[in-house]
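Please open the model and keep the sequence beside it. These are short notes to read along with the picture.

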Amino acid sequence: MHILGVDIGGSGIKGCLVDTTTGELIGERHRIPTPQPATPAAIAHTLKALVEHFDWKGPVGCGFPAIIHHGIAKSAANIDPSWVETDAERLFGEITGLPCFVLNDADAAGIAEMRFGEGKGHEGVVILITVGTGIGTAVFVNGHLLPNTELGHLMLEGMVAEHYCSDAVRKREDLGWGKWGKRFNHYLARLEFLFSPDLFILGGGSAAKMDKFIDKIATRAPLLPAASLNQAGIIGAALYAASRQGRKQSRRG
């Protein structure tokens with residue numbers, strides 16, 4: 001099955017058709033800058049433009065940077081505050097005219113990694129961390145997702161963790177990879193203390209740069225780059241849409 005997977009981020013909205021049986025991207029990924037301000041209407045119409053770019057007429061899976069509960073946004077850390085309590089699934093469906101299925105963006109990346117990537121077949125506690133404009137997390141226990149963990153909002157050094165060691169902070173403060181790696185190790189140590197994970201998986205653009213800071217990481221659990229790097233959110237969103245669409249069809253049957 002082919003489904004359009006979309007990763008909605010604070011700086012860019014990226015999408016591609018995905019073969020949900022293999023996890024492979026079909027054709028070229030397309031990216032549109034996230035509109036500013038990132039209001040519900042602005043993002044919904046940007047999503048419509050992305051759908052039209054692919055001339056897509058089927059289900060759409062969307063990873064979204066917020067707590068998503070039954071399709072409704074419950075937070076808005078790196079997007080416009082007006083998203084809180086917005087029914088993202090309904091809005092996206094109305095604007096695109098297509099069935100849209102929305103989940104937390106880090107959860108989407110985690111689903112992809114647990115199905116096709118470094119988490120495949122891994123028992124115990126696995127924590128995927130996406131580092132970009134903010135920090136997202138996805139926690140799995142024996143392959144089962146605990147949704148909307150949002151551990152990028154833990155307090156660390158007197159501030160929200162993603163304000164201490166996100167990639168946006170690295171760029172804004174002009175931190176070298178080594179200095180940033182020490183901060184990120186501090187964050188991983190806090191997660192390790194709280195959850196005793198068996199494996200950390202790093203997603204987002206920083207995963208491709210791990211050789212520049214891996215010597216600063218001193219956790220007990222290994223840290224591995226996501227197999228699909230920064231494509232995991234797109235793949236996982238498509239997998240989620242395929243699962244939701246399948247459940248809807250089975251109920252009708």
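1. First, a caution. This is a predicted model. Keep that in mind at each point.

2. Start with helix α1 (residues 40–53) and helix α2 (residues 88–96). Their axes come within 9 Å and cross at roughly 50°. Angles from 65 to 115 degrees would count as roughly perpendicular, and those under 35 as roughly parallel. α1 and α2 are therefore oblique to each other. Their crossing is right-handed.

3. Which residues meet where α1 and α2 touch? From α1 come P40, I43, A44, H45, L47, K48 and V51. From α2 come L91, F92, I95 and T96. By type, this contact has 8 nonpolar residues, 2 polar and 1 charged.

4. Now find helix α6, residues 177–195. The helix has 19 residues. From first C-alpha to last, α6 reaches 26 Å, close to the 27 Å expected at 1.5 Å a residue.

5. Which residues of α6 are buried? They are W177, W180, G181, R183, F184, N185, Y187, L188, L191 and E192. An α-helix has 3.6 residues a turn, so residues three or four places apart point the same way.

6. Last, look at G136 in strand β9 (residues 135–141). Is G136 buried or exposed? Its relative accessible area is 8%. Buried means under 20%, so G136 is buried. Leaving out residues up to four places away in sequence, G136 touches A106, L128, I129 and T130. H153 is 17 residues from G136 in sequence, and their C-alpha atoms are 8.7 Å apart.

Notes
Residues are numbered from 1 along each chain as its sequence is written. This is a predicted model: local features need pLDDT of at least 70, side-chain atom pairs count only at pLDDT 80 or more; totals for chains, interfaces and linings use all residues. Side-chain values use heavy atoms; hydrogens and water are left out. Helices (H or I, at least four residues) and strands (E, at least two) are DSSP runs, numbered from the N terminus. The expected span of a helix is 1.5 Å times one less than its number of residues. Buried means under 20% relative accessible area, exposed over 50%, partly exposed in between (1.4 Å probe, protein chains only). Axes are lines fitted to C-alpha atoms, for helices over the stretch in contact, and angles run from 0 to 180 degrees between N-to-C directions. Angles under 35 degrees count as roughly parallel, over 145 as roughly antiparallel, 65 to 115 as roughly perpendicular and the rest as oblique. A crossing is left-handed if the near helix is turned anticlockwise from the far one by less than a right angle, and right-handed if clockwise. Contact means heavy atoms within 4.5 Å. Ala, Val, Leu, Ile, Met, Phe, Trp, Tyr, Cys and Pro count as nonpolar, Asp, Glu, Lys and Arg as charged, and the others, Gly among them, as polar.
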